[in-house]
Amino acid sequence: MHLLRTYIYACLTAAISTLLPTAAAAQKQQRQQAMPAAADTVPMFKGLSVSYDLAGTVMRMVGDYGQFEAALRVNLKDKYFPIVELGLGSAKHETDAVTGIEAKTNAPYGRIGCDINIAKNKHDDYRVMVGARYAFTNFKQDIYGDINVPYWGGTVPYSTSEKSIAYHWAELLFAVDAKLWGPVRLGWSFRYKAKLAGKGNEGEKIWYVPGYGKDGDKLGGTFNISVELSRKNKKAK
């Protein structure tokens with residue numbers, strides 16, 4: 001009997017030792033689930049940032065078209081970024097080897113839209129964005145030069161001016177940017193463009209659209225340097 005009581009006591013002791021930590025862990029998990037999630041202390045309005053597209057300027061300097069573009073962006077809780085992009089598109093296409101003509105355009109353009117930060121940690125120094133834009137420009141295109149006449153030989157002078165060409169398009173973009181130093185950030189965007197409306201005079205081809213690029217192109221991009229004017233806040237939890 002003494003051995004039996006000793007055996008039963010040892011079994012009960014082992015069972016209680018096993019169950020107690022399990023019960024304590026379950027109670028701790030229940031308490032954690034009952035506690036409300038910590039509130040994000042980042043304010044709705046985080047500040048503004050201004051940026052400049054370096055890619056468009058380089059394109060204009062080394063090629064026959066490009067743009068000079070700046071943007072103003074609002075930071076809402078490090079997640080939503082409404083943005084306005086304004087620029088001046090410029091092109092001077094030298095004599096075409098086939099048609100023998102030149103095209104010249106200089107006009108402003110604008111885009112408005114919003115980006116969404118899809119990074120897991122919205123308050124990190126790195127951002128991964130998706131967004132959309134609506135864009136519009138109204139411009140004049142001058143076409144001039146000497147057209148080759150294969151049948152008769154020689155050339156024929158040609159000149160025309162298309163005024164008040166209204167062009168609308170939409171853009172979908174994927175972008176990445178990161179903190180470079182202090183308030184300075186560096187980033188790029190890849191864009192898919194879709195023409196909504198716009199055409200030249202009957203029989204005339206639009207060679208370049210300010211802010212859009214060459215008429216018919218679908219893809220584009222920017223390389224931006226920006227400065228943030230951020231509102232100071234408590235560290236996000």
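Predicted model: local features only at pLDDT ≥ 70, side-chain atom pairs only at ≥ 80, totals over all residues.
Strand β7 makes the greatest contribution to the lining of the largest cavity, supplying five residues. One cavity of 30 Å³ or more was counted, and the space within the largest cavity comes to about 260 Å³. Its lining is made up of 25 residues, with S51, R73, I83, D177 and N224 lying nearest the centre. Besides β7, the elements that give two or more residues to this lining are β1, β2 (65-76), β3 (80-93), β5, β6 and β10.

Several of these strands meet again in the pairing pattern. Strand β10, which spans residues 219-230, pairs with β1 (residues 45-53) in the antiparallel sense, over seven bridges. Within this pairing, G47 has S230 of β10 as its bridge partner. Strand β10 also pairs with β7 (residues 184-197), again in the antiparallel sense, here over nine bridges. For W188, the bridge partner in β10 is F223.

The largest nonpolar core is a set of nine residues, namely A107, A135, F139, I165, Y167, W169, I206, V209 and Y212. At least two residues of this core come from each of β5 (126-148) and β6 (155-181), and β6 provides the largest share, with three residues. Another core, of six residues, lies apart from the largest one and includes A91, A103, I143 and W207.

R111 is located in strand β4, which covers residues 101-117. Is this arginine buried or exposed? R111 counts as buried because its relative accessibility is 6%, below the 20% cut-off for that class. The side chain of R111 is joined to that of E171 by a polar contact of 3.1 Å. Leaving out neighbours within four places in sequence, the contacts of R111 comprise E69, I83, V84, E85, R133, Y134, A135, W169, E171, R191 and G211.

Definitions and conventions. Residues numbered from 1 in each chain as written. Heavy atoms only, no water. Helix = DSSP H or I, 4+ residues; strand = E, 2+ residues; numbered from the N terminus. Buried < 20%, exposed > 50% of the residue type's maximum accessible area, 1.4 Å probe, protein only. Polar contact = N/O pair within 3.5 Å; in protein donor to acceptor, adjacent residues only side chain to side chain. Contact = heavy atoms within 4.5 Å. Core = buried A, V, L, I, M, F, W, Y, C linked by side-chain atoms within 4.5 Å. Pairing = 2+ DSSP bridges. 1 Å grid on protein atoms, 1.4 Å probe; cavity = no way out; pocket = protein on both sides within 12 Å on 5 of 7 lines; lining within 4 Å. Points joined across faces, edges and corners; volume = space filled by probe spheres on them.
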